[in-house]
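Please take a moment to look over the structure shown below, and then follow the paragraphs that come after it with the model open beside you.

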Amino acid sequence: MLKRLLIVSLAMGLWSASDNARAAETLDLRSDNVVLVWQNINEILLVLSANIAMDDEWIEGLRNLQPDEGATDFNVEMSAFHEKLNKLLSSSGLDNLPQATPPETISEQYVSSGTMLDHLVYYLIDSDSLATVAIYYGGEAPQDSSTGDIVAQINLANQRIDAFFEENGL
Amino acid sequence: MTNLKISTIGTIISVFLALSAAAIVSSSFMTLNQVQQAGGAWHDFEEGPSRKSAYLNGVYKALGFGGMLHQYKDYLLNKERVQIVSFFGKIREIRVALDAYKAIGVNDIEEQALTDILGVITAYANAIQKAEQMVKQGATSDEIAREILINDAPAIAGIDVLFAEIDKSRTNSAVRVNTAVEEASFLSKTSSIVIGLILMALLATMIWFTRWRLGAPLRLLGETMTQLARGDTQVEVPAQDKKDEIGEMARRVQVFKDSMLANEEMAAQQRQEAERKEQRRIALEKVAAGFEGDISNVLDELTEMSKLLDNTSSVMTNIAQDASTKASSITTSAQDASSNVQTVASAAEELSSSIQEIARQVSQSTSTASNAVTEVEHANDKVQGLASAARSIGDVVALITDIADQTNLLALNATIEAARAGDAGKGFAVVASEVKNLANQTTKATEDITQQINGIQNATNDAVLAIENIGGTISNISEITSAIAAAVEEQGAATQEIARNVELASERTSTVNSDILDVTYSVDETGKAATQVRNAVHALGDHSNELKSVVEGFLNNVKSA
């Protein structure tokens, strides 16, 4: 019950943040849009982890993780998460991510990241029949993000999915 | 213009042609520039309105007016969460398309329209999130509809505006392309006309130049040269008064004509000379033909003779070689015969000397035999005397024997008497014994002497017989020796005859040797002479051929002269 409340509170937090994000929407796609996608991916990973967590402190530990300072290469981090997400999808018998060339522009990064978000949502839907999904497509977009911020978010997602694998015995 | 030189006119035409070429090149560059401008306008159209149109179509399709975006409530109510994910995927596609559209470059109207579309899209995204919460709280479709109102009009209007702007942009691009193409076309037409006119003018000038300015005088000059070439030296050379190259050429043709006239005169003289030479050549040909026949016969005979001589010399050479071989053989045989004769002569001489020695020895033997007969007779006499003396000794010995016998008897008587005398007679008995011994010894010696005398007598008789035999033998030897001497004498005479004949044969063999050496020398000389004759014959053949070649050359020269 406590977990359910935690999950709802996580989702509601995200919902309340999405109201604030409306004003930040601009015509141009920027790193902020990509960072927002990865923030949503991290939220889903936290929700998935909360679903299997036996210890609230572990969830808090995952939430308080800091990105690895040595992570600077977008493609390396993307490739690692791509592989891990496929592993996760395969564990539930879901289709793997389509093969993609390393993205170069912000638009390509946005599309690739969005595709990973979609597949992670598929996993969420598969594992939780009551889970809402629209909430993970909104949220508060950061301001003046850089490529480093994107890499940091991907690195956090890699750390959290690793912890999920460990906790889930995958 | 008519007084200008051809080279000057050619230079003028070349300058105009160069100017025309420059005009063509310039026109081509200008046309190319216009075409590039048209291309640039088309490229801008491709990169601008065309791509914008594609992105806008993508937005229109993703929005799916009357379609997917308006179904979100049903998705939520039917728990079709996969469709919700697809919904947000469409939202993402629209975001990317709007971003790409703006990146191409937009004006204020377009930016406003894009913002309006983005606003509607964002409203949908927010609406679905809110509706999801309402569905979760049990809200119905009507409740959701009442709570969430989305005005699509700004997006629809924005899309219309964007299509209108794209049309404007497309029209502008088309106008730019058309303008550039029209300008290029105009430039191309204008330059083509101008260049065509220039080329036509140049062509007309070329026709005038080639046909009238250059062609007509050249044609007249050509006809004149043709007549001159046919030998018509009476024709007048035209255009000599012109100042240009044709006038100069005409004046040179006149020089050519003058030369032809001089050549005609010279040709007449040459014809006469040629006729004279022809007559001389015919005469020479006749002489040469006769000479050729004669010399050909002579050369043929000479060739036949040289062949005959060659054969004869070959035969001579062979005979000489054969004779030389036989002479060498005879020389060897004669030398052998001479050597044998000399050997026989030496043997005959030695034989003669030997016979003489034998004769001398035989004569000496005969003399010795005669002496031996004499000596034998003398020895026979001596032996007869010895036999006679032996017989005398026998008589003495018989006497001595008688004396000894008587002495012995006396001694015997003395002994008897001494015995009778007793002791007194002992000394006498000893003397009587000694006398007796002496008488016995005398008797014995006498017997020995008798025996010796008998032996001497026997030997003497034997000697007499032997001497007689020796005498007979020596007589026989003497007779034989005489016969031998006679025979040896005859042999000596025969040997001397042989020696004389052998010497004569030796002398003749030497003569034969000498003669054969002379013959060998002569044969060698004959061989050399035959070789020289053969070489001479070959040389004669070569000279004959050379003479034939020279004669033929001479005759050919005579004929061709």
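Read from the N terminus on, the elements of chain A run α-α-α-α-α-α, and the chain has 6 helices and 0 strands; here helices (H or I, at least four residues) and strands (E, at least two) are DSSP runs, numbered from the N terminus. This is a predicted model, in which local features need pLDDT of at least 70 and side-chain atom pairs count only at pLDDT 80 or more, while totals for chains, interfaces and linings use all residues. Residues are numbered from 1 along each chain as its sequence is written, and chains are lettered from A and ligands numbered from 1 in the order in which they are written.

Of the 170 residues in chain A, 38% are buried, where buried means that 20 or more other C-beta atoms, placed from the backbone, lie within 10 Å of the residue's own. Among contacts in chain A between residues at least 6 apart in sequence, 84% join residues at least 24 apart; two residues are in contact if their C-beta atoms, placed from the backbone, lie within 7 Å.

Two packed helices are described by the angle between their axes and the distance between the axes. Axes are lines fitted to C-alpha atoms, for helices over the stretch in contact, and angles run from 0 to 180 degrees between N-to-C directions. Helix α2 (residues 31–52) and helix α5 (residues 106–127) of chain A pack at an angle of about 20°, with their axes 9 Å apart, and α2(A) and α5(A) are therefore roughly parallel to each other, a term for angles under 35 degrees. The crossing of α2(A) and α5(A) is left-handed, meaning that the near helix is turned anticlockwise from the far one by less than a right angle. Among the residues that make the contact are A:Val37, A:Ile41 and A:Leu48 of α2(A) and A:Leu117, A:Leu120 and A:Leu124 of α5(A). By class, this contact has 13 nonpolar, 8 polar and no charged residues, with Ala, Val, Leu, Ile, Met, Phe, Trp, Tyr, Cys and Pro counted as nonpolar, Asp, Glu, Lys and Arg as charged, and the others, Gly among them, as polar.

A second pair in chain A is helix α4 (residues 74–91) and helix α6 (residues 147–168), whose axes come within 9 Å and cross at roughly 30°, which makes α4(A) roughly parallel to α6(A). α4(A) passes α6(A) in a left-handed crossing.

Turning to the other chain, 24 residues of chain B are in contact with 21 residues of chain A. α3(B) gives the most to the side of chain B that touches chain A, with 13 residues.

Definitions and conventions: Angles under 35 degrees count as roughly parallel, over 145 as roughly antiparallel, 65 to 115 as roughly perpendicular and the rest as oblique. A residue is buried if 20 or more other C-beta atoms lie within 10 Å of its own, exposed if 12 or fewer, and partly exposed in between; C-beta atoms are placed from the backbone.
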